[in-house]
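Subject: Handing over the structure

Hello,

Here is the structure I promised to pass on to you. Please open it and keep it beside you while you read the notes below.

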Amino acid sequence: MPFEYLEDGVTSDITFRAWAPDLDQLFHTAAEATAQVMVESLVSIRATQTRTVRLHADSLDLLLFRFLNEQIFHKDADGLLLRPGPVHVAKGTNGFDLRAELQGEPIDSRRHELLADVKAVTLHGLSVEPAESGWRTQVTLDV
């Protein structure tokens, strides 16, 4: 997967960088990286439930912030481990729009080896920017 975790972040947080050829794949990859912080094996998460996500933000970094926090919200509110399905990011009239599906299942401690309890995405160092071969992001998760 095209992401890496950084060791020089805040000690109570986990920071990662992700990159992709387009925004759809960048947001997908960032959601995968977020899920990977929560559970040892992504393949242990079966797609038995789907949550449709529609979001708007003035900027790409705030759109990613909202998207990843939506993923975390469903873990906390519904007890679901979710991975990204199809993700579509588009320039809208006053900012950016996202349509996506998050797919997964209820947390099952017998099947899911849980790692960190991600509480939220932080704004610290958050970025989404063009890169030489597409797009890149840096995200810090509060754990």
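What follows is a short tour of what was found in it.

First, some ground rules. This is a predicted model, in which local features need pLDDT of at least 70 and side-chain atom pairs count only at pLDDT 80 or more, while totals for chains, interfaces and linings use all residues. Residues are numbered from 1 along each chain as its sequence is written, and side-chain values use heavy atoms, with hydrogens and water left out.

Buried here stands for under 20% relative accessible area, exposed for over 50% and partly exposed for what lies in between, using a 1.4 Å probe and protein chains only. Beyond its neighbours within four places in sequence, F27 is in contact (heavy atoms within 4.5 Å) with L60, L63, L64, F67, V87, V89 and L98.

Next, have a look at α2. Its 19 residues span 27 Å from first C-alpha to last, close to the 27 Å expected at 1.5 Å a residue; the expected span is 1.5 Å times one less than the number of residues. Among the buried residues of α2 are L60, F67, Q71 and K75. The buried residues of this helix pack against α1, β3, β4, β5, β6 and β7. After α2 comes G79, with a positive phi near 70°.

How do the two helices meet? The axes of α1 and α2 come within 10 Å and cross at roughly 40°. Axes are lines fitted to C-alpha atoms, for helices over the stretch in contact, and angles run from 0 to 180 degrees between N-to-C directions. On the α1 side the contact includes L23, F27 and M38, and on the α2 side it includes L60, F67 and K75.

Now the strands. An open sheet of three strands has the order β3-β5-β4, with antiparallel pairing; two strands pair if DSSP finds at least two bridges between them. β3 and β4 are the edge strands, each pairing on one side only. Nine bridges join β3 to β5, and A57 stands opposite F96 in β5. α2 lies across β3, β4 and β5, at about 150° to β3.

β7 has two antiparallel partners to look at: eight bridges link β2 and β7, and eight link β6 and β7. In β7, W135 is the bridge partner of A20 and R136 that of E129. A hairpin of two residues joins β6 to β7.

Is V39 buried or exposed? V39 counts as buried because its relative accessibility is 0%. V39 and L114 are 75 residues apart in sequence, yet 4.5 Å apart in space, C-alpha to C-alpha.

Enjoy exploring!

How values were computed. Helix = DSSP H or I, 4+ residues; strand = E, 2+ residues; numbered from the N terminus.
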